[in-house]
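Colleague: I have not looked at this one before. Can you put it on screen and take me through it?

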Amino acid sequence: MSPARRVLVVGGGHNGLVAACYLARGGADVIVLEQSARLGGGARTEEVLPGHRFDTHSVAHNIIQATGIIEDLGLVEAGLEYREMDPFSVAVFRDGPIVRFFRDVGATVDSIAEVDREEARRYAAWMREAMPVVTAMRGALDGRPSRLPGRALAGLQAVARNGGPLGLAQLLLSPYGKLLEQRFASDLVRAPVSAFAAHASAAPDSPGSATFAMWQAFYHQVGQWHAVGGSQGLTDALATRLAALGGAWRTAAAVRRITRQGDRATGVELESGERLPADAVLTALDPRTALLELLDPPLDGPEADRLRSTTRSNVVQMLVHVAATALPAYPGARPGDWSGLQSFVDRLDALADGFAAAGARYLPDDPVPTYAFTPSAIDDTLAPPGRHTVYLACPCAPYRVRGGWAAVADEFADRMIATVEARAPGFTATITGRAVYTPEQMAADLRWPGAHPMYGDLNPDQLGPFRPTRRLARHRTPVRGLVVAGAGTAPVGGIAGTSGRAAARAVLRDLS
């Protein structure tokens with residue numbers, strides 16, 4: 001591309017940084033504009049408590065492992081190091097067993113069989129059913145058809161219990177709670193799988209959410225990974241690679257408006273009043289914010305109406321960062337049990353009740369659906385010697401809560417910690433500090449509308465080629481030179497980077 005064309009990337013989260021790297025490698029003059037004082041967005045790690053560093057949102061990275069972005073951008077050479085979390089999940093039941101979910105399906109089946117041989121048999125059969133579905137979905141991660149469409153279609157048809165396209169459609173349109181109740185006889189497997197599925201901010205009774213439970217097979221295929229140094233390790237490697245490619249970034253550079261002349265984007269104006277002209281603008285933030293609030297004049301017409309009508313539920317996550325002198329002491333624990341997610345969801349219906357309460361702006365009842373990550377168990381850079389970091393999350397907390405978060409945050413954090421204490425007696429006595437991170441604080445800090453990390457619900461009509469709308473799923477907008485990326489755009493949210501790569505490719509094609 002000669003002469004170099006200037007592209008402004010609005011938003012310095014991982015999708016914005018991925019996009020910037022591809023743009024710079026393609027010959028564009030790139031500047032990333034980030035509103036906060038640090039790059040990273042939801043992939044940031046900070047010293048929340050003295051000497052203890054915590055991820056401020058994302059802890060485990062899995063989708064990006066299946067995209068080829070890490071290898072394509074040479075992020076390992078840029079300093080990125082991942083350690084596998086295996087087992088990727090451990091279900092710690094109150095007054096009950098521990099069930100381990102390893103990357104190896106056979107090892108997982110053996111773990112379940114220690115408690116219930118019939119449920120172990122059911123899990124093995126379910127994984128045979130889920131693997132083709134997940135393989136087909138992986139083919140769409142980059143917004144492109146599967147490389148093996150015929151084989152994938154044959155596998156998808158085979159998993160439908162009633163056979164044929166109708167059986168497959170019924171399966172994929174089911175709520176994941178219904179799917180798990182059909183496949184398993186007890187909460188031994190239902191509960192921990194639902195705790196993972198809830199990461200999509202979808203309730204167990206949400207129609208079309210079955211794929212979030214089927215995604216369990218993805219962890220067996222790809223694994224779950226921790227970036228050394230926390231999620232910041234990914235952000236720092238992307239920044240290093242961007243600098244090497246000639247790109248740049250500015251922090252504390254919040255954008256007030258995206259300027260345009262007629263149907264073409266012309267640049268941005270910062271909140272400071274500074275104006276930056278550009279040949280193209282790529283946004284990596286909430287698409288509704290970008291196109292309906294920052295764009296001046298805003299998008300209008302039918303596409304604006306479709307975007308405005310996208311849904312975002314009131315159910316998000318609540319975090320408690322805990323500094324401790326020891327890892328939670330689960331009776332019957334084995335080495336490795338602290339490597340991945342530790343689920344404290346005993347019953348599928350308790351999770352469903354939590355989502356219903358949060359949707360109505362109430363806090364979930366006791367026991368609070370909670371999960372933990374203890375990354376210091378596999379990464380000693382996060383805490384002083386002999387100390388640990390415990391990341392607690394409730395996957396069904398309300399963004400807006402009756403009475404306001406200021407009145408209930410500490411009491412709710414106490415209840416989350418009590419949920420752990422009931423499974424790891426003595427845990428509370430090991431705590432040396434804690435920091436409560438409410439959805440209200442998250443929304444203000446990260447400028448996530450509704451504190452929703454995906455910006456919009458992952459309903460079937462807002463996923464893949466429909467995310468956030470059919471036209472915008474191709475990343476281009478009705479305004480020439482304005483392209484959208486981020487968790488609210490195709491194909492999906494999470495730590496993936498695929499929307500950033502796809503949007504960058506669209507810009508480079510247009511500029512060339």
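Modeller: One term before we start: two strands count as paired if DSSP finds at least two bridges between them. Also keep in mind that this is a predicted model.

Colleague: Fine. Which residue in strand 14 is the bridge partner of Thr259?

Modeller: The partner of Thr259 is Asp296, in strand 14. Strand 10 and strand 14 are joined by two bridges and run parallel.

Colleague: What is the strand order in the sheet they belong to?

Modeller: The order is 12-11-10-14, an open sheet of four strands with mixed pairing. Strand 12 and strand 14 are the edge strands, each pairing on one side only.

Colleague: What does Leu276 touch?

Modeller: Leaving out residues up to four places away in sequence, Leu276 touches Leu8, Leu33, Arg250, Thr266, Gly267, Val268 and Leu270. Leu8 is 268 residues away along the chain, yet the C-alpha atoms of Leu276 and Leu8 are separated by 8.4 Å.

Colleague: Stepping back, how many helices and strands does the protein chain have?

Modeller: The protein chain has 17 helices and 20 strands. Of its 512 residues, 61% count as buried.

Colleague: And how does its radius of gyration compare with a compact globule? What about the box?

Modeller: A compact globule of 512 residues would have a radius of gyration near 24 Å, and the protein chain has 22 Å, which agrees. Its C-alpha atoms fill a box of roughly 65 × 55 × 45 Å along the principal axes.

Colleague: What share of the contacts join residues at least 24 apart?

Modeller: The share is 73%, counting contacts between residues at least 6 apart in sequence.

Colleague: How many bridges join strand 1 to strand 13?

Modeller: Four bridges join them, and the two strands run parallel. One of the pairs is Val7 with Ala280 in strand 13.

Colleague: What about the faces of strand 7? Which residues cover each side?

Modeller: Both faces of strand 7 are covered: Ile98 and Arg100 are buried on one side, Val99 and Phe101 on the other. In general, side chains in a regular strand alternate between the two faces of the sheet.

Colleague: On to helices. How many residues of helix 12 are buried?

Modeller: Seven of its eight residues are buried, including Pro287, Arg288 and Leu294. Among the elements that cover them are strand 10, strand 13, strand 14, helix 13 (302-308) and strand 20.

Colleague: And helix 8? How many of its residues are buried?

Modeller: Ten of the eleven residues in helix 8 (residues 187-197) are buried. At the start of helix 8, a side-chain oxygen of Ser186 comes within 3.3 Å of the backbone nitrogen of Leu188.

Colleague: Last one: where is His475?

Modeller: His475 sits in the loop between helix 16 (439-446) and strand 20 (482-484). With a relative accessible area of 5%, His475 is buried. A polar atom of the His475 side chain lies 3.5 Å from the backbone oxygen of Ala490.

Colleague: Which residues does His475 touch?

Modeller: Not counting residues up to four places away in sequence, His475 touches residues including Leu482, Val483 and Val484, and also Ser499, Ala502 and Ala503.

Conventions
Residues numbered from 1 in each chain as written. Predicted model: local features only at pLDDT ≥ 70, side-chain atom pairs only at ≥ 80, totals over all residues. Heavy atoms only, no water. Buried < 20%, exposed > 50% of the residue type's maximum accessible area, 1.4 Å probe, protein only. Polar contact = N/O pair within 3.5 Å; in protein donor to acceptor, adjacent residues only side chain to side chain. Contact = heavy atoms within 4.5 Å. Rg over C-alpha atoms; globule rule 2.2 N^0.38 Å.
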